[in-house]
Amino acid sequence: MVRTWFLLQYIANLELRHEIQTATTKSERFNQFVRWVSFGGDSVIAENVRDEQRKFIQYNHRVANLLLFHNLVSMTRAMRKREADGYPVSDELAAAFSPYSNEHIHRFGNYHPNFSRMPDPVALEFRKPPQGETGRILVMMPQAGSKSA
């Protein structure tokens with residue numbers, strides 16, 4: 001009965017269908033990104049030990065989250081530079097950007113991390129979504145006085 005009630009609500013309510021589709025799309029995009037991040041083996045966990053499987057999943061998610069954070073910081077800097085150059089960034093334009101971009105990431109490159117370098121401080125600001133959109137849009141704003149402001 002609960003399933004039938006939900007299906008009737010789903011069929012009758014366009015806003016509910018839109019909200020579910022939006023959430024499903026976000027989840028699918030994240031899962032695609034995590035699969036792309038997984039180095040080698042087409043995201044197949046070859047280990048048949050439960051703890052090792054959990055480690056693989058957790059480490060892979062950490063790398064994906066670090067790349068997403070890098071993308072958000074880079075996009076925010078680009079938007080702030082655009083605004084500083086006199087071209088305002090509308091909410092609709094900000095909503096069109098995706099942190100799941102991976103064309104600029106060389107997965108198998110040689111990286112030399114500089115652990116002594118600290119990232120610029122970042123303050124978070126939440127903007128309301130454009131008309132007709134659901135959820136919240138996260139736009140990262142550099143703090144006043146930081147180098148990237």
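User: Let me start with one residue. Why is I105 called buried?

Analyst: I105 has a relative accessible area of 16%, and buried means under 20%, so I105 counts as buried. Please keep in mind that this is a predicted model. I105 sits in the loop between α4 (91–96) and β1 (122–127).

User: What is I105 in contact with, leaving aside its neighbours within four places in sequence?

Analyst: The partners are W36, L67 and N71.

User: How is the whole protein laid out, and what pattern does it follow along the sequence?

Analyst: The pattern is α-α-α-α-β-β, that is, four helices and two strands. Of its 149 residues, 21% are buried. Among contacts with a separation of 6 or more, 58% join residues 24 or more positions apart.

User: How do you know that the length of α2 agrees with its number of residues?

Analyst: Helix α2 covers residues 14–37, which is 24 residues. At 1.5 Å a residue it should span 34 Å, and its end C-alpha atoms are 35 Å apart, so the two agree. At the start of this helix, a side-chain oxygen of N13 comes to within 3.0 Å of the backbone nitrogen of E15.

User: And how do you know the same for α3?

Analyst: Here 35 residues should span 51 Å, and the end C-alpha atoms are 51 Å apart, so this also agrees. Just after α3, G86 takes a positive phi of about 95°.

User: Why are α1 and α2 called roughly perpendicular?

Analyst: Helix α1 (residues 2–12) packs against α2 at an angle of about 100°, with axes 5 Å apart. That angle falls within 65 to 115 degrees, and therefore the pair is roughly perpendicular. F6, Q9, Y10, I11 and A12 of α1 meet L14, L16, R17 and I20 of α2.

User: Which residues of α2 are buried, and what do they pack against?

Analyst: The buried ones are T22, F30, F33, V34 and V37, and they pack against α3 (50–84). For α3, the buried residues include N60, A64, L67, L68 and N71.

User: How do you know that V34 is buried?

Analyst: The relative accessible area of V34 is 9%, and the limit is under 20%, so V34 is buried. V34 lies in helix α2. Apart from neighbours within four places in sequence, V34 is in contact with N60, H61 and A64. One of these, H61, is 27 residues away in sequence and 6.5 Å away in space, C-alpha to C-alpha.

User: Which residues make up the largest nonpolar core?

Analyst: There are nine: F30, F33, V34, V37, A64, L67, L68, Y100 and I105. The elements giving two or more residues to this core are α2 and α3, and α2 gives the most, with four. Apart from this core lies another, of five residues, including L72, M79, V89 and A94.

User: What does V37 touch, not counting residues up to four places away in sequence?

Analyst: V37 touches N60, V63, A64, L67 and R107.

User: One last residue. Why is F56 called partly exposed rather than buried or exposed?

Analyst: F56 has a relative accessible area of 30%. Buried needs under 20% and exposed needs over 50%, so F56 falls in between and is partly exposed. F56 lies in helix α3 and touches S38 and I45, not counting residues up to four places away in sequence. I45 is 11 residues from F56 in sequence, and their C-alpha atoms are 7.4 Å apart.

Note on methods: Residues are numbered from 1 along each chain as its sequence is written. This is a predicted model: local features need pLDDT of at least 70, side-chain atom pairs count only at pLDDT 80 or more; totals for chains, interfaces and linings use all residues. Side-chain values use heavy atoms; hydrogens and water are left out. The expected span of a helix is 1.5 Å times one less than its number of residues. Buried means under 20% relative accessible area, exposed over 50%, partly exposed in between (1.4 Å probe, protein chains only). Contact means heavy atoms within 4.5 Å. A polar contact is a pair of N or O atoms within 3.5 Å; within protein, one must be able to donate a hydrogen and the other to accept it, and residues adjacent in sequence count only if both atoms are side-chain atoms. A nonpolar core is a set of buried Ala, Val, Leu, Ile, Met, Phe, Trp, Tyr and Cys residues joined through side-chain atoms within 4.5 Å. Axes are lines fitted to C-alpha atoms, for helices over the stretch in contact, and angles run from 0 to 180 degrees between N-to-C directions. Angles under 35 degrees count as roughly parallel, over 145 as roughly antiparallel, 65 to 115 as roughly perpendicular and the rest as oblique.
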